[in-house]
Amino acid sequence: MPNPAKLPAWAALKTHVTDIAKLHLRDLFANDAKRFEVFTLEACGLFLDYSKNRITRETMPLLFQLARESGVEARRDRMFSGEKINSTENRAVLHTALRNLSNTPVMVDGSDVMPAINAVRERMIRFAETVRSGEWRGHTGQIITDVVNIGIGGSDLGPLMACRALHRFGHPRLKMHFASTVDGDQISSILARINPATTLFIVASKTFTTQETLTNAHTARRWFLDSVGDEAAIAKHFVAVSTNATAVTAFGIDPANMFGFWDWVGGRYSLWSAIGLPVMLCLGPDNFQALLAGAQAMDRHFVEAPLEKNLPVVLALLGILNRNFYHFPSLLISPYNQALDRFPSYLQQLDMESNGKTIDLDGQRIVDYETGPIVWGDSGINGQHAYYQLLHQGSQGVAIDFIASIEHPDAPPPHGPILMANFFAQTEAFMRGKTESEVRAELTQQGLSGEALEKLLPHKIFEGNRPTNTILMQTLTPESLGALIALYEHKVFVQGSIWNLNSYDQWGVELGKQLAKTIEQELIASEPATRHDASTNGLINHYKQRLLGA
């Protein structure tokens, strides 16, 4: 695969950015009356305005040329065809097959994976319908009122985000809970609020060996048996999303209530698989199908649209521009929709676990270009009163994706206009800033003059020229959320392809897990820890001394 920094388009972009670096966005808008029309796109129910990026009409053709020289289109086609593009694990990458509602064959190792996908989804649908209708009963004959999903990483972030985002479509009887962290406070807090006779637990672990998940699952199991006393009752209150039938059965879960998935589904891409069972329980099969349909629409757009009209490609290339040529180290995801408050955390794993790497596909350390940005965020209105100060006047540039829905069906009348006024105002403020002359005129109008004006003046100047994207949807629905998630999935893929990365492994999460296994034994041993560095030994021993002292 090519080193992007050695490509002709990369060199051309470096020269181009040097030439336009001193241009200000407010001047670019002033000099081009059609800038908004030129730099907007719409597809799959999503509208993208990227005109507030530091680009000219000459920038985008250079970026599209970079995508072509990097082989993005060929790699995209290899992914969709089932080729094993996850080279370090020798696996296909086919989360897109999970939402292939057209049911066209998708081949892996000579076999069509669609029959197996459809079979699991049909089992999920039948199960969800029995729980939602009240046909499924707990061991005392009572209907289920609470669902607790026990998982971590992709087995938690995706279902949690989707259930929160689409809560207005949720079943009125079912309350959804999510336990991920091994910190016992979280699972204890959930267990304190629920009734064992009316609770269903979903244990989501592909291997059924994930330490955090199994620790929480066994805590829930003990709590349940302390109340019920009958191990046979576990089968009515615990189901599994796993492929390890032996371990699932040993836990007490009926294998008939085990929902499987495949090694070509990465955790952070698994929402569309049986990992989405809590989403289906919450929203119902029809809404889950709509979620898949929205994602599939974006898949088709990604495959069929030319690069110049391709939403994921354009969003990815703008990210490349901001990361590699303007050298912005982070990307803020700022949704102005409280239902999407967990979407930044979801994208954080999707992006940073995929492209947070310095070894390329050829096994070489990357030394001449940056890779994945730091991704972070919260709901936009809260952000305005927390970290937007740094964004407007801080010393470090941050690229921002603003996301909002035009309609908010459940919002009382005054709220929508106020929310959207802030949304549009912030994108304008980051673009325009406020010049010295504008501040001087404003302060003069307020009655300030002389030394008082001059003293306050520099504090109220905003540089502006901060790059932002604006993504709008009509209403936040299962279909629009599906399209939005798939948009970012494919954006990450395009960027990984240009950076010559394998975006589908995550070896970086392994080291801490390996060390933790050793330290766990040392924490219960009587002798002091000695085999680590001085700091780690000291911390372990300090912890043990204070714990015993307590």
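1. Five strands form an open sheet in the order 6-5-7-8-9, with parallel pairing. Strand 6 (175-179) and strand 9 (258-259) stand at the edges with a single partner strand each, so one side of each has no neighbour in the sheet. Two strands pair if DSSP finds at least two bridges between them, and strands (E, at least two residues) and helices (H or I, at least four) are DSSP runs, numbered from the N terminus.

2. What you are looking at. Please keep in mind that this is a predicted model, in which local features need pLDDT of at least 70 and side-chain atom pairs count only at pLDDT 80 or more, while totals for chains, interfaces and linings use all residues. Residues are numbered from 1 along each chain as its sequence is written, and side-chain values use heavy atoms, with hydrogens and water left out.

3. Inside the sheet. Strand 5 (residues 146-150) and strand 7 (residues 199-204) run parallel and are joined by five bridges. Val147 has Leu200 in strand 7 as its bridge partner.

4. Helices on the sheet. Helix 9 (residues 211-228) packs on the sheet and touches strand 5, strand 6, strand 7 and strand 8 (238-241), its direction making about 155° with that of strand 7. Helix 8 (residues 184-191) lies across strand 5, strand 6 and strand 7, at about 160° to strand 6. Contact here means heavy atoms within 4.5 Å; axes are lines fitted to C-alpha atoms, for helices over the stretch in contact, and angles run from 0 to 180 degrees between N-to-C directions.

5. Two backbone angles to look at. Most residues other than glycine have a negative phi. Cys44, in the loop between strand 1 (40-43) and strand 2 (46-49), has a positive phi near 55°. Asn90, in the loop between helix 5 (72-80) and strand 3 (107-108), also has a positive phi, near 55°. Cys44 counts as partly exposed because its relative accessibility is 28%, and Asn90 is exposed at 51% (buried is under 20% relative accessible area, exposed over 50%, partly exposed in between; 1.4 Å probe, protein chains only).

6. A nonpolar patch. Leu523, Ile524, Tyr543 and Leu547 make a nonpolar surface patch of about 420 Å². Patch residues have over 30% relative accessible area and no salt bridge, and nonpolar side chains are joined within 5 Å; a salt bridge is a side-chain nitrogen of Lys or Arg within 4 Å of a carboxyl oxygen of Asp or Glu. Helix 21 (510-524) and helix 22 (534-549) each supply at least two of the patch residues. Leu523, which lies in helix 21, counts as partly exposed at 33% relative accessibility.

Note on methods:
Patches are made of residues with over 30% relative accessible area and no salt bridge: like charges are joined within 9 Å, nonpolar side chains (Val, Leu, Ile, Met, Phe, Trp, Tyr) within 5 Å. Accessible areas come from the Shrake-Rupley method with a 1.4 Å probe; for residues, only the protein chains shown count as cover.
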